[in-house]
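Subject: Structure handover

Hello,

Here is the structure to look through. My notes on it follow below.

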Amino acid sequence: IRCWSNIPFITMPLSRAHGKSFAHRSELKHAKRIVVKLGSAVVTRGDECGLALGRLASIVEQVSMLQNQGREMMIVTSGAVAFGKQRLRHEILLSQSVRQALHSGQSQLKDMAIPVLEARACAAAGQSGLMALYEAMFTQYSICAAQILVTNLDFHDEQKRRNLNGTLHELLRMNIVPIINTNDAVVPPPEPNSDLQGVNVISVKDNDSLAARLAVEMKTDLLIVLSDVEGLFDSPPGSDDAKLIDIFYPGDQQSVTFGTKSRVGMGGMEAKVKAALWALQGGTSVVIANGTHPKISGHVITDIVEGKKVGTFFSEVKPAGPTVEQQGEMARAGGRTLAALQPEQRAEIIYRLADLLTDQREEILLANKKDLEEAENKGRLALPLLKRLSLSTSKLNSLAIGLRQIAASSQDSVGRVIRRTRIAKDLDLEQVTVPIGVLLVIFESRPDCLPQVSALAIASGNGLLLKGGKEAAHSNQILHHLTQEALTIHGVKDAVQLVNTREEVEDLCRLDKLIDLIIPRGSSQLVRNIQKAAKGIPVMGHSEGICHVYVDTDASVEKVTRIIRDSKCEYPAACNALETLLIHRDLLRTPLFDQIIDMLRVEQVKIHAGPKFASYLTFSPSEVKSLRTEYGDLECCIEVVDSVQEAVEHIHKYGSSHTDVIITENEKTAEFFLQHVDSACVFWNASTRFSDGYRFGLGAEVGISTSRIHARGPVGIEGLLTTKWLLRGDNHVVSDFSEHGSMKYLHESLPLPQRNTN
């Protein structure tokens, strides 16, 4: 026997064994039987008289969608009192005779008081209308709903409890959605309460406890409690330091300060937490979330079932490590400490990491071998991605060289004065470089990205959150361990964090209070998904790498095949690989053109013909489906243009502003191309593959940006810095500079301090 609010509640074994609650949000998608509890604040309008019809319709739509997926949905609803109050008020106004209204006078009519309405009468008047509304809404989705009214007494009597249990199971078996509510029309008289203006609220606090009881009784997988707050906060919502608790564990109650309850309803958040913990103990997972926010209420239930980070998730399984929110705070604090170090100290950390990459190469390659074997056994990675995943001794040596370049070039990156101005006498202004803050770098199948990005973050004094792909888990783990080992030499181990929890990328992109910049490194689909999911956080990156090489009429025969081969075949999976080859029309059916085609065939490059190119051929290769395609493999498109101007126009129309190349010996044509192509990187007689931070001498890069704000092209240390203004004065006030003031603005440019070039 379990007790809840001093009422004995006897659980009895059912035919279906009930397991433990889900340990992680990602498992909620497997929930079969779900109870949705709608709080009074969710169901009622803001004036507390009547129902929020639009909100209710949205909830019904989501419940119907889940029901039609084969899940078993139940609703515990409030709203009968509010709906009844609306109806009774209307009836009272209509019952006033016209004669009485005329006799009393218009002014008195306006001031006519509505008598206090008894809550049970409101419930009696509202129950039928509320259910009729639910039935009408569910009918739109070809779903039948059934009403069940219960009281506390129904849980005292064993036979009644069995009857209730049997009824609910039979309804679920027939694919009917039970609508369950407390029978507020027959409950004992309440104590006076002013939650609903003009109504004595029934203070039985049964909706939260009722939902928990039914969830456990019915062996429910998930209980969703919708209220008018985002979830559970560590202090009352609205207070300065209040933080939303993502996951709540039994025993955490002492860390929470509960505030007042919502504007309507029987109980506050404390009652919800008690009910949630009781349900959790009974094997039901619980999420408390906001059902009233206009931006999320239309999909809050489906988002929860899909495992998205919405509201507060109650779990009995406490993770071994910190949460991603805690990691973000650690990265913030560690980054600030890192930025306060001397440049030489930050460089020492990077040099140490470079040494560790070569000293511990055997351990790194062993971990990488495990990743490769698992990927090959599961068959989930294409050959180009397997190449990206693979590490080798030569790759590690190149990484170490790149890191040493970063260390050498980072001596004056943070705190460098880039502008000095004398505003007035003894009032000097400086603009200095500072870190951006906390970076979130999301990367796929590229374990070598981890030390590169870590070194750039260290050099620029930024905190760093790293989210790697599952396919590189072993490699990322050891590389992160070595990074933290290097950071410990100056006590800033927490500045670089590897996110190992089951956080979905979309959820990470919502942490706008913890993350200042997101840098995705991976497929164009990954970048697009992150740009779409990012909420209030800028994203640095490129959605596609559609790189062009234009072969001009004045191109050198010796250079053309070398540059095209290197651009396409050296590493076809790279974002800076050639995807579209533009050929001047005059080169068709020439020996140079034949050499290009022969070379591509030897390299086993599949050719797709652009529309114009196909029109010149009797038997053409497969015509391209789109001229805006990133193949990422040994494939490319060939298209014909009539001039350099047309080549530029084609690039602007179909390119991605990444990297574009002209091959020509005509300097005037080359300069026209260089000046007019609006891409991050534009080359003359050089491979597209030079578009790389290491090859540019930046040591490494966090990615290649095609954005037009802040950094563009390969992004090294400079792209991870912003600026702040330092003003040093001596009792200066703006009023001294007014028309009749004693001070005058000088705005003199001052020389910059000499940079450290060692």
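Cysteine 509 has a relative accessibility of 0% and so counts as buried. Cysteine 449 is also at 0% relative accessible area, and is buried. Please keep in mind throughout that this is a predicted model. A search for disulfides across the whole structure returned 0.

Cysteine 144 is a partly exposed cysteine, with a relative accessible area of 44%. Its place is the loop that runs between α6 (119–139) and β5 (145–150). Setting aside residues up to four places away in sequence, cysteine 144 touches Asn175, Ile176 and Val177. Methionine 174 is 30 residues from cysteine 144 along the chain, and their C-alpha atoms are separated by 9.3 Å.

Now the chain as a whole. It has 758 residues, of which 53% are buried. It contains 24 helices and 26 strands.

Next, the charged pairs. Side chains of opposite charge can pair when their charged atoms come close. How many salt bridges does the structure hold? The count is 33. Three of them are described here.

Lysine 309 and glutamate 325 form a salt bridge in which the closest N and O atoms are 3.0 Å apart. This pair links distant parts of the chain, 16 residues apart: lysine 309 sits in the loop between α10 (300–305) and β10 (312–314), and glutamate 325 in helix α11 (residues 324–340). Are these two residues buried or exposed? Lysine 309 and glutamate 325 are both buried.

Glutamate 701 pairs with arginine 521, with 3.8 Å between the closest N and O atoms.

Aspartate 678 forms a salt bridge with arginine 708, where the closest N and O atoms are 2.8 Å apart. Here too the pair links distant parts of the chain, 30 residues apart, with aspartate 678 in the loop between α24 (667–676) and β22 and arginine 708 in the loop between β23 and β24 (713–715). Aspartate 678 is partly exposed, at a relative accessible area of 33%. Arginine 708 has a relative accessible area of 52%, and because the cut-off for exposed is over 50%, it counts as exposed.

Lysine 309 and glutamate 325 come up again in a network: salt bridges that share partners join Arg25, Asp246, Lys309 and Glu325.

On to one helix and its surroundings. Helix α17 (residues 473–487) is made of 15 residues. From its first C-alpha to its last it reaches 21 Å, close to the 21 Å expected at 1.5 Å a residue. Which residues of α17 are buried? They are Ser475, Asn476, Ile478, Leu479, His480, Leu482, Thr483, Gln484, Ala486 and Leu487. The elements that cover them include the helices α12 (343–359), α13 (361–378) and α16 (449–460). The strands β13 (438–443), β14 (463–468) and β15 (496–498) are also among the covering elements.

Two packed helices are described by the angle between their axes and the distance between the axes. For α13 and α17, the angle is about 155 degrees and the axes are 7 Å apart. Angles over 145 degrees count as roughly antiparallel, so that is how α13 and α17 are placed relative to each other. On the α13 side, the contact is made by Glu363, Ile364, Ala367, Asn368, Lys370, Asp371 and Glu374. On the α17 side, Ala473, His474, Ser475, Ile478, Leu479 and Leu482 take part.

The last item is leucine 578, which lies in strand β18 (residues 578–584). Leucine 578 is buried, with a relative accessible area of 0%. Leaving aside neighbours within four places in sequence, leucine 578 is in contact with Cys547, His548, Val549, Ile564, Ser567, Lys568 and Thr688. Glycine 632 is 54 residues from leucine 578 in sequence, and the two are 9.0 Å apart in space, C-alpha to C-alpha.

Regards

Notes:
Residues numbered from 1 in each chain as written. Predicted model: local features only at pLDDT ≥ 70, side-chain atom pairs only at ≥ 80, totals over all residues. Heavy atoms only, no water. Salt bridge = Lys/Arg side-chain N within 4 Å of Asp/Glu carboxyl O. Helix = DSSP H or I, 4+ residues; strand = E, 2+ residues; numbered from the N terminus. Buried < 20%, exposed > 50% of the residue type's maximum accessible area, 1.4 Å probe, protein only. Disulfide = S-S within 2.5 Å. Expected span 1.5 Å × (residues − 1). Contact = heavy atoms within 4.5 Å. Axes fitted to C-alpha atoms, helices over the stretch in contact; angles between N-to-C directions. Parallel < 35°, antiparallel > 145°, perpendicular 65-115°, else oblique.
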